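Q: I would like a close look at a single part of this structure, with the cut-offs spelled out.

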Amino acid sequence: MLRSAFLSLLFCGSLASTAQTVSSEAFKLPKGPLNQLSGQAFLSPSLKAMQSDASTNPISLWLEQGRSLWTGTAGQVSCAQCHGAVETMRGAATQFPKWSVKQQKLINLEDQILTCSERTPRPLKSLENAELLSLSALLHLSSAGLPFQISPQEEIQQRWQLELNAGAKIFTTRMGRMNLACTHCHDLNIGKTMRADVISPGHPTGFPIFKLSWQSMGSIDRRLRACYSGVQAEVPAPGSPELRQLELFLKSRAQGIPIEGPSLRR
Amino acid sequence: MSSPILTRLALTGQVKAGGNIEARWSAAHPMDSGFRVDDSGRRIPKNIIHTVRAYLNDRLIMEADLGTAMTSPVYLAFPVLVSAEGGIVKVIWQDDSGQMGETQQRLVI
């Protein structure tokens, strides 16, 4: 009894001190045009504070795991054995999704990590695996500040354009019981509120994300599937070509906007 | 038992003898409440971190009995009164599957 009273005091103390660091001002939309803003601009002040403080940001855990996987422990296969220090991978995350001639499909960074891991004695099994996401988070962080650089090599130009067009078509096609296309929210209604959230332009610069409602990290693949579910459309299977096409279109739509690295979302 | 659980301990604030700092501890534990089901509909057994203890130089300064309502990743923040000799803050946890772990940070005055 005494202990629990003591504990509740402790937690009250910690809550109060957090409240001091977290600004209580309400969310305000930034001035100026909204369609070139990243998702970060739509976070509440308290989430922004959480994002910028490594000691409260849960993504720190994943990044630490990513770093230890990258360098590996002695005698263990690691990413660094082939790729060198993670700093040399700056810009790698900006180039996905790209057309894989070998697999004859669009692959994103998570697909690439999965394929890489299959060459090791300890292959990763799914796209939402914690280890995979921690590596993806690390690679995206090392490309922070750079804009997406997606363009096809000449020999696959035509095929790539078809994929991009397919992505654009998905973005503008009504779907689901809500009968909405991506464009209806993320082009036409940016800055308005939907349920308790503010609609952003949907630029994919903050992936992988730690979504508080998931209590975990998730890839762009998972986030897009959540959008399908949101408009009550049939949700594509993880890794479906249409998700990659949509990702390609979203990233070409976000040209020039810098990657922010793994981010917090509600 | 799955892969090791990652934990992180950060000490924030100015470290000086007699002053308080805040220790922030988090753990990427799944915190399965026992009510969730997996993709095939089978119930995932309850597995949460049920006990967390924090020590300053092997002296118990905080003990928490956690329940199923804790978030994943677990996050606890608690004050630590810095003693003149400084020392080591150590956090030990234990979960329902019997897994345990320990994280420590040195207090540098």
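In which helix is the place of His186(A)?

A: The model is predicted: local features need pLDDT of at least 70, side-chain atom pairs count only at pLDDT 80 or more, and totals for chains, interfaces and linings use all residues. Residues are numbered from 1 along each chain as its sequence is written, while chains are lettered from A and ligands numbered from 1 in the order in which they are written.

His186(A) lies in helix α8 (residues 182-186) of chain A; helices are DSSP runs of H or I with at least four residues, and strands are runs of E with at least two, numbered from the N terminus. His186(A) counts as partly exposed because it has 19 C-beta neighbours inside 10 Å. On that scale, 20 or more other C-beta atoms within 10 Å make a residue buried, 12 or fewer make it exposed, and partly exposed is in between, with C-beta atoms placed from the backbone.

Apart from neighbours within four places in sequence, His186(A) is in contact with Ile199(A), Pro201(A) and Gly202(A), where contact requires C-beta atoms, placed from the backbone, to lie within 7 Å. Ile199(A) is 13 residues from His186(A) along the chain, and their C-alpha atoms are separated by 6.8 Å.

Elsewhere in chain A, another contact can be described. Ile220(A), Asp221(A) and Leu224(A) of α9(A) meet Leu243(A), Leu246(A) and Glu247(A) of α10(A).

Notes. Contact = placed C-beta atoms within 7 Å.
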